[in-house]
Amino acid sequence: MTLLTFSRAIALVSAICIVAGCGAALREPQRVAQPYSLTDAEVSAYAVLLRMEDRREYNARQLSEFASAPSAAIRRRAALVLGRLGDTAAVPILVGLTTDPDSSVAATAAFSLGELGDSAAVPALSSLLLEGVADTTPTVAVEAATALGKIGTQEAEAALMGVLSDFSVDSPTSSDLVNAALLAIWKFPRPIDLDAITRWAESSDAETRWRTVYALVRRPSPPAAHILLDGIGDPNSRVRAIAAKGLTAALADSAGLDRTAVMDLLIDATEDTAYSVRINAAGALGSYSAPASVASLMALARGADPHLRLTAIESLGRVGEDAVASRDLLASLVVSDSISPAIRASSLAALGEIAPGDARERAIAVVDDAEWRIRAAAANVLAKVGTIEDPALNELLQADDGRVAAAAAGAIIAAAGDSLASLRHMLVGLLGNDDVIVRAVALGGLARLDDPALLPLFLDAYEHARLESQNDAALAAIDALSSLQDEGPNAERAFFARFPRSPDPLIRRRVQDHFGELPETWGSVRPLETDRSLAQYKKIVREWIAPAFSTGERPRARIQTNRGPLDFELFVESALLTVLNFLSLADQDYFDGQEWPRVVPNFVVQGGDPRGDMSGGPGYSIRDEMNRHLYDAGALGMALSGPDTGGSQFFVTLAPQPHLNGGYTVFGHLIDGAAVLRELLPGDEIFEVTRIQAAPGTR
């Protein structure tokens, strides 16, 4: 595609006059700029909007009225709700709000247009990138650029490329917009104008340089590999870290670089003063199979930094058989009781890629290990490098610990390949397991058989699961029933004839996705019923939202871990119901004694799972509350397995993760404990979660 210049691209869209608004910090402000007391009328309007959002109820008349309310606070909230409801009928209203005299309203409207992802909004959003507009209302321009990246059309790409091509490098008035465009442009497919991106690597602003390198790493391009080579020597650690991540062997080969020279740069970078650079360099070394890279990774695997050890061990596994020199080291780590179970489990997994015979011996040796993570890792190794009839693997499949049994079942299904039909009897037997995840895994395997004779079993499986608090098996049964649709409508008719409407909105949505419009007896997916009256929503607004406006203060929570405390500020004004859910669970001691099930160095740590294997939850789900907060280092986000599937699992980012922005609810930020956060490993404990500041309105 021939790219248009920015001026020509804008000439093709309808211009929209932008009214200058009050200034605001980029993205979501960290504090209310000026104390402001909500009136009774504003409290009532806010409550109606909150209820509408909670019910996922699109009321065009009311939303239009709120979008034109005299109060900027209500217009801003209406703009946010219009995006969260996901109905593209809101596009004209939001386009109108992008010209709001209050820039925070206009910026929120642009953000919401990106959430809706409708190409009809591209002309309006593109016009917000004009240089004069960007200078006057930079917040609005930033959100418009981000939204165009989410929409992803050719016209959206042309507008963003215009910013990157036409604006002057190191222009102080355009840096924020350029930075937003750099984080958005990688989402577009090739071919792409690399010169428009690489020119920003010369910026004196490190914020611009790391975003330039980020764009090139997210969409690897051999002609731009020299930018990454320069970046690994940049004075800014974030630039160095992102560049190191992108300097893989595949990129070096495709760009015609000296593979050994690039590898040596990465080896040197594993001793960088910055944690993020060391981690990313160790990760990238996993793509190099030379003795020098293996030796470097082995040294890191023996080191004192547990995150570097984990990363190095995983990299050795990716090297595979060429890392055979690490066989004895990994084998010794598997059975070492003096190190973290996470490191032991990773060592066993890596050994399975490098020396399958040795891995099988070690897996058999740890079948009765006290740590469930080790036994689950053994199941994966035995299924992958041995046979699915292995007695040791069968022992793990029959484990009383559902986490181990589920891991074994999943590993066996994955290893079976075309011989999955031979496991039918075993999988059917697992449908009687007490563990909901084991049954869900078994249903997933049976669904792959496409056997109409399984219809009664799938119906019975749903009957067993439909009233359980955790809906994984019920959802898996619906998926299994849908796998029989090609054999005729029997599954759909039998399902609706047998089962009444589910009270779970996720189940209703899954049924609708598979079987089409719901019958009259099931009603519609939306609006959702909630357990709150309008009066209760007003009470929530008075107790939580109004104080955030009037004082600028937010509630705080402390996660006490075995390595120390983590203190968070909670974004009650942007993710109210998510915050209330988190605090409610904390008040019930829900998190006390849980493990951190997932740690990915330099990415995230994840908690809130009562099972500890990433599949647990509180037995209900809450809706998403996407907002303008960014996933920078220390952001507290809600983990999801799809839209509106949050519950109790949360994560904290260890480094900026721009690709998560607008895709997961941000509901807080780390304010103290960064060093503790970096030390966490899978299996570490959450002692308790407590409020460390009285709830707004109750002080």
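**Strands, cores and a cavity: setting values against definitions**

Mentor: Let us start at the hairpin of β3 and β4, where three residues lie between the strands and N602 takes a positive phi near 65°. This is a predicted model, in which local features need pLDDT of at least 70 and side-chain atom pairs count only at pLDDT 80 or more, whereas totals for chains, interfaces and linings use all residues. Residues are numbered from 1 along each chain as its sequence is written, and side-chain values use heavy atoms, with hydrogens and water left out.

Trainee: Why are β3 and β4 called paired strands?

Mentor: A strand is a DSSP run of E with at least two residues, a helix is a run of H or I with at least four, and both are numbered from the N terminus. Two strands pair if DSSP finds at least two bridges between them; β3 (residues 598–600) and β4 are joined antiparallel over three bridges, so they pass. V599 has V605 as its bridge partner in β4.

Trainee: How do you know which faces of β4 are covered?

Mentor: Buried means under 20% relative accessible area, exposed means over 50%, and partly exposed lies in between, with a 1.4 Å probe and protein chains only. In a regular strand the side chains alternate between the two faces of the sheet. In β4 (residues 604–607), V604 and Q606 on one side are buried, as are V605 and G607 on the other, and both faces are therefore covered.

Trainee: Why is helix α18 described as largely enclosed?

Mentor: Ten of the eleven residues of α18 (residues 275–285) are buried, so the helix is largely enclosed by the rest of the structure. Its cover includes α15 (237–246), α17 (259–269), α19, α20 and α35.

Trainee: What makes a group of residues a nonpolar core?

Mentor: The members are buried Ala, Val, Leu, Ile, Met, Phe, Trp, Tyr and Cys residues joined through side-chain atoms within 4.5 Å. The largest such core has 241 residues, of which L125, L164, F495 and F582 touch the most other members. Helix α26 (residues 402–416) gives the largest share of this core, ten residues. Another core, of eight residues, lies apart from it and includes A639, F651, L660 and V666.

Trainee: How do you know which space counts as a cavity?

Mentor: On a 1 Å grid over the protein atoms alone, a cavity is a set of points where a 1.4 Å probe fits but cannot get out, and lining residues have an atom within 4 Å of a point. Points are joined across faces, edges and corners, and the volume is the space filled by probe spheres set on them. The search of the whole structure finds one cavity of 30 Å³ or more, and the largest cavity holds about 40 Å³. Its lining includes I185, W186, R219 and S221, while α12 (194–198) and α13 (206–218) each supply at least two lining residues.

Technical notes: On a 1 Å grid over the protein atoms alone, a cavity is a set of points where a 1.4 Å probe fits but cannot get out, and a pocket is an open set with protein on both sides within 12 Å along at least five of seven lines; lining residues have an atom within 4 Å of a point. Contact means heavy atoms within 4.5 Å.
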